[in-house]
Amino acid sequence: MAYAPEKVYTDSNGQTWCFDEMWTGDWWWETQSRLPAGATVSPVILASDKTELSRFKGDKMAWPVYLTIGNVSKHIRHRPAHHALILVGYLPVSKLETFENNSVARYRLFHYCMRRLVEPLVVAGQEGVEMVCADGLIRRVYPVLAAFIGDHPKQCLVACCTENRCPKCHVPADQRGAPFKFPACNQVQTTHVLLVQASGEYPPEFIAEGLRPIFSPFWANLPHSDIFTCITSDILHQLHQGIIKDHLKKWCTAIVGKKMFDIFVPALVGTPNANVIRASRALLDFVYLAQYHSHTDETLQALQDAFNDFHALKDVFIELGCRKHFNNIPKLHSLVHYVKSIRLFGSLDGFNTENSEWLHIEYAKKAYAATNRKDYTIQMTKWLNRQEAIIWFNSYLRWCDSSHATGGSDDENSRTAQFLVQHHGAVAFVEALQKFLTNQPPAAGPQGFQPTLHDRFDCFSNVQIPLHPLEHLSDDETARIRCHPERANGPRKAPTPARYDTVLMQDDEQGRGMGGLQGLRVVEVRVIFRLPPHLGLYPHPLAYVHLFKPLRAFDRNIKMFYFGCLT
């Protein structure tokens with residue numbers, strides 16, 4: 001928990017400012033300066049999105065609204081198991097077909113319901129509320145709406161503008177694809193325009209700014225808040241499903257045909273125009289940099305450079321007939337706001353709509369499955385209240401029982417070496433294990449036994465390992481490595497295909513000290529197993545891998561290595 005803004009530096013001289021948690025951003029400092037001395041800011045973060053409840057047939061939907069606060073670390077907020085993000089209500093999803101203009105009626109109904117939900121924040125944000133904090137101290141807390149997380153249609157709904165507009169700035173429709181910045185929307189001005197329109201005077205700004213006739217937006221009276229600043233950038237819908245899936249993949253497919261775009265840039269190798277690779281790489285660089293868990297001035301400059309590089313090279317897609325123009329792509333325009341959003345609120349992994357999508361499973365889909373489909377919203381809330389009571393009681397029991405321990409893994413399967421050779425493709429499993437035991441005998445256990453094809457090994461289909469701390473990534477990041485053959489799923493379902501992940505393995509300890517990819521080698525994990533007791537005792541599982549050729553050939557256009565399997 002954090003109760004005050006902080007300036008975090010990556011160097012001892014205090015020159016390189018780090019942006020990661022919300023309390024390291026400019027927004028918290030600016031808000032703190034507007035409050036009385038000794039006040040504690042509690043940044044309120046709202047997330048909302050519709051989700052389907054029916055399966056296969058029906059049109060049942062739910063529209064949950066979630067709430068969390070920026071005082072909680074983002075690594076806690078985005079994990080549903082920690083319950084740091086709560087459900088505050090369901091919005092109505094009625095189509096209002098009896099209204100003459102039902103679309104406008106739905107917009108107004110949304111803002112009316114949201115105004116009811118956030119009404120307690122008005123007085124609390126103006127006067128503050130004394131609260132007992134997690135550290136036991138009593139503080140005067142000012143809850144202030146800081147961020148709204150949603151996809152583009154929900155952002156436009158909140159901003160009271162049509163969906164062919166930007167919810168953050170006054171960009172013309174034919175410039176949503178240009179690398180230029182435009183004047184930001186202003187909450188005071190927009191509220192005034194809506195009030196003048198409601199009085200029947202019809203100001204020209206109402207049409208020019210693409211506003212909707214919503215005359216009582218829920219954010220109009222919220223203190224110390226600007227709704228247009230609160231709208232955060234969205235990695236899931238703007239980058240992954242927008243820029244990559246809806247645009248870049250289609251452009252590149254039109255050039256090289258349908259290839260395996262899971263390895264995006266390598267699929268473009270061999271295209272006649274190298275600018276295709278350079279432009280694609282620049283856009284992919286932007287996507288990867290935007291997902292950093294912490295940023296500095298250097299990484300933000302690299303993010304801006306990748307953005308500028310793409311716009312300098314994007315005309316190659318017009319020359320090759322993939323597009324006629326770049327004048328009207330809202331999600332491409334949204335990239336203009338990324339650097340500023342990171343400086344205001346910290347890294348974007350704390351505001352990804354993917355987190356709220358996961359919450360739909362617990363707070364909407366499972367709750368709906370527990371109902372009889374009649375008046376399901378009331379039943380869902382009652383079921384969730386009971387589930388919450390169970391969770392709190394279990395937490396209390398775990399607190400009382402300090403010796404509480406979890407059971408062993410259910411993912412172990414005993415397999416013979418013959419099975420691993422035939423089904424996992426571990427063709428030299430026995431020979432490799434014999435060589436390993438000869439060179440590195442176990443610290444304890446029987447000696448002299450040799451592995452055979454009839455020995456049985458406890459195997460794992462996946463294992464989760466902690467990653468080494470990397471700059472701009474979280475210290476507690478983990479990776480899950482999967483390796484399993486094709487698995488049957490019964491007579492009515494298609495089998496689960498085989499999967500053997502590739503990883504980087506340290507091959508040269510001395511070369512690894514040189515940094516970069518030196519001393520690393522690409523391997524394919526075929527078996528993860530535990531050594532049986534008669535062959536020795538090891539404190540951790542072992543892995544059988546297939547080696548790839550060393551990383552030597554480097555392509556400067558795509559900035560990637562060429563490598564292949566060993567024969």
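A salt bridge is a side-chain nitrogen of Lys or Arg within 4 Å of a carboxyl oxygen of Asp or Glu.

**Ground rules**

I note that this is a predicted model, where local features need pLDDT of at least 70 and side-chain atom pairs count only at pLDDT 80 or more, while totals for chains, interfaces and linings use all residues. Residues are numbered from 1 along each chain as its sequence is written, and side-chain values use heavy atoms, with hydrogens and water left out.

**Overview**

I looked up the secondary structure and got 19 helices and 19 strands. Helices (H or I, at least four residues) and strands (E, at least two) are DSSP runs, numbered from the N terminus. The C-alpha trace spans about 90 × 65 × 60 Å along its principal axes. How many of the 567 residues count as buried? I get 44%. Buried means under 20% relative accessible area, exposed means over 50%, and partly exposed is in between (1.4 Å probe, protein chains only).

**Salt bridges**

Back to arginine 521 and aspartate 507. Arginine 521 sits in strand 16, and aspartate 507 is in the loop between strand 15 (502–506) and helix 19 (509–512), 14 residues away. Arginine 521 has a relative accessible area of 14%, so I log it as buried. Aspartate 507 comes out at 46%, so that one is partly exposed.

My search of the whole structure turned up 13 salt bridges. As a reminder to myself, side chains of opposite charge can pair when their charged atoms come close.

Next I checked lysine 74 and aspartate 349, which meet at 3.1 Å, N to O. Lysine 74 is in helix 2 (residues 74–77), aspartate 349 is in the loop between helix 14 and helix 15 (353–369), and 275 residues separate them. Are these two buried or exposed? Lysine 74 is buried because its relative accessibility is 2%, and aspartate 349 is buried too, at 10%.

Glutamate 130 is exposed at 57%, whereas arginine 140 is partly exposed at 35%.

I also wrote down a network of salt bridges linking Asp49, Asp151 and Lys154.

**Aromatic rings**

I count 21 aromatic pairs in the structure. Rings of Phe, Tyr and Trp (its six-membered ring) pair if their centres lie within 6.5 Å; planes under 30 degrees apart count as stacked, over 60 as edge-to-face and the rest as tilted.

Why is the pair of tryptophan 27 and phenylalanine 345 tilted? Their planes are at 35°, so they get that label, with the ring centres 6.2 Å apart. This pair links distant parts of the chain: tryptophan 27 is in helix 1 (residues 26–33), and phenylalanine 345 is in helix 14 (residues 338–345), 318 residues apart. Both of these residues are buried.

Phenylalanine 436 and tyrosine 538 are also a tilted pair, at 5.8 Å centre to centre and 40° between the planes. Phenylalanine 436 is in helix 18 (residues 429–439), and tyrosine 538 is in the loop between strand 16 (520–530) and strand 17 (542–547), 102 residues apart. I have phenylalanine 436 down as partly exposed, at 26%.

I found a ring cluster too, made by pairs that link Trp251, Phe310, Phe317 and Phe326. Phe326 came up again, with arginine 323 over its face at 5.6 Å from the ring centre. Arginine 212 does likewise with tyrosine 107, at 4.0 Å from the ring centre. A charge sits over a ring if NZ of Lys or CZ of Arg is within 6 Å of the ring centre and within 35 degrees of the ring normal.

**Helix 18**

Which residues of helix 18 are buried? They are Phe429, Val430, Leu433 and Leu437. Seen down the axis of helix 18, they fall within an arc of 90° (taken from the directions from the helix axis to the C-beta atoms), so they line one face of the helix. The face turned away from that buried side carries the exposed residues Lys435, Thr438 and Asn439.
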